[in-house]
Amino acid sequence: MFWEKDIETISRDQLKALQLERLQKTTETAVNSPFYRQLFKGKGLAPHDFKSLDDLQRIPMTTKDDLREEWPYGFLAVPKEEIVRMHSSSGTTGRAIVIFHTQSDLDSWTNQLARCMYMAGMRKMDVFQNMMTYALFTGGLGFHYGAEKLGAMVIPSGPGNSKRQIQLMQDFDTTAIHIIPSYALHLTQVFEEVGVDPKKDTRLKMAFIGAEPHSEQMRERIEDFYGIKAFNSYGLSEMSGPGVSFECTCQNGMHIWEDAYIVEIVNPDTMEPLPDGETGELVMTTLCRQGMPMLRYRTKDLTRIIPGDCPCGRTHRRIERIKGRSDDMMILKGVNIFPIQIEKKLMEIPGVGGNFLIMLERKGFNDDMIIKVEVEREYFTGDLKKLESLRKTIINELKSDILITPHVDLVEPNSLPTTEGKAKRVIDNRKD
Ligand code: ADP
Ligand code: ZN
């Protein structure tokens, strides 16, 4: 049993009182770090100044660049001997940052992950295959300890080695998997290759998919192929890793654990707070971290709070699936485009396979978008008219959504590069 009912269904008033109490403790710890000591001093702030949650607004936001500049120990708020583990971000947008954990930090993180998986329906009798990197990346170890805490049997398979993954699923009756969505689609090809149908030949029931942006259409493809429910899982190293926000069985947005974080959505240009319902940048403050508390951390992830209550009864608010990082936005001929918009359209078109790659080129004064799209093998046999007609459909569908006309190259399944980690969707060859 891992349903922390009292805390998951706490009244909003009680939750706010708990947040304030934890915020006060967090600021007291944070000022032990060189970075926050300096920041508080510079602003004339003292940790006991925080009499209400609104006072949080007086603290300037912390950015990834601050973490990079303070590398490695500038945010450490406890003596080094209290630290039992370090992790690092994937380094998707530049130099990776490092996060230090005390035992109590790891315990709270593990608890959050157990809570998430229980919420999505995983139980003690489940067999959990963790197909994420077990290393500095937080996805592997984070889920591993959470699943053990829940009492499930964990198969620490790590990523890659696709045929063996399928074999493990069959041999040990795996019921739940943790997998990067782009890899889940890549694996569908391997299932076909080895002649295993996950619906009939495995006991899979659920997948936890996250670590990279993905569309509702991609989720549906995964659910259809595997015959499972796929739950969106969001987190970032700076907030410990996965387990920050997760879908319940209603699959209508991800509950974000507000006993562990204060959540703000701000306009990324002006930093003004935005009301529930409006899309902006997620800013978070840790409430349960000791080794390395983070105050008003700018995640760069774009989302919104979904207004209204969730039928599951949990009172922690829900965020919408992440639209992308503000850094992911491509500006082409004056139009702002996120890779996820392209993915969403592609996944709706029958015949389109599981992988694509966007390339941006500059020719003279013109920017061009070239999209390589994997399509099903049958399009490359026999009459190539079908292939050309699919290409035209893709161009027209994309044009109606992103308002520019991309060049589209159709390629055979499994011909585009895949990674064991996060997919690389865009190659920008434009020179400034
Ligand atoms: P890096 O920031 O270097 O990629 P992390 O491994 O800490 O390192 O990745 C966290 C980031 O991954 C988040 O800030 C977000 O951009 C992305 N991410 C994680 N989970 C999801 C998800 N479910 N949907 C969309 N993006 C996600
Ligand atoms: Zn819910």
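The structure is a predicted model, in which local features need pLDDT of at least 70 and side-chain atom pairs count only at pLDDT 80 or more, while totals for chains, interfaces and linings use all residues. Residues are numbered from 1 along each chain as its sequence is written, chains are lettered from A and ligands numbered from 1 in the order in which they are written, and side-chain values use heavy atoms, with hydrogens and water left out.

I begin with the ligand. Of the 20 residues around ligand 1, counted when a heavy atom lies within 4 Å, those that come nearest are G91, T92, S233, S237 and D301. The shell divides into five charged, nine polar and six nonpolar residues, with Gly counted as polar. Strand 7 supplies its largest share, five residues; strands here are DSSP runs of E, at least two residues, and helices are runs of H or I, at least four.

Next, the polar contacts, meaning pairs of N or O atoms within 3.5 Å. A polar side-chain atom of T92 is 2.4 Å from an oxygen atom of ligand 1. A polar backbone atom of G91 lies 2.6 Å from an oxygen atom of the ligand, and a polar backbone atom of A211 lies 3.1 Å from a nitrogen atom of ligand 1. The protein covers 97% of the 560 Å² of accessible area that ligand 1 has on its own, by the Shrake-Rupley method with a 1.4 Å probe.

I turn to helix 10, residues 216-226. Its buried residues (under 20% relative accessible area, 1.4 Å probe, protein chains only) include M218, I222 and F225. The buried residues pack against several elements, among them strand 7 (229-236) and helix 11 (339-348). After helix 10 comes G227, with a positive phi near 65°.

Note on methods:
Buried means under 20% relative accessible area, exposed over 50%, partly exposed in between (1.4 Å probe, protein chains only). Contact means heavy atoms within 4.5 Å. A polar contact is a pair of N or O atoms within 3.5 Å; within protein, one must be able to donate a hydrogen and the other to accept it, and residues adjacent in sequence count only if both atoms are side-chain atoms.
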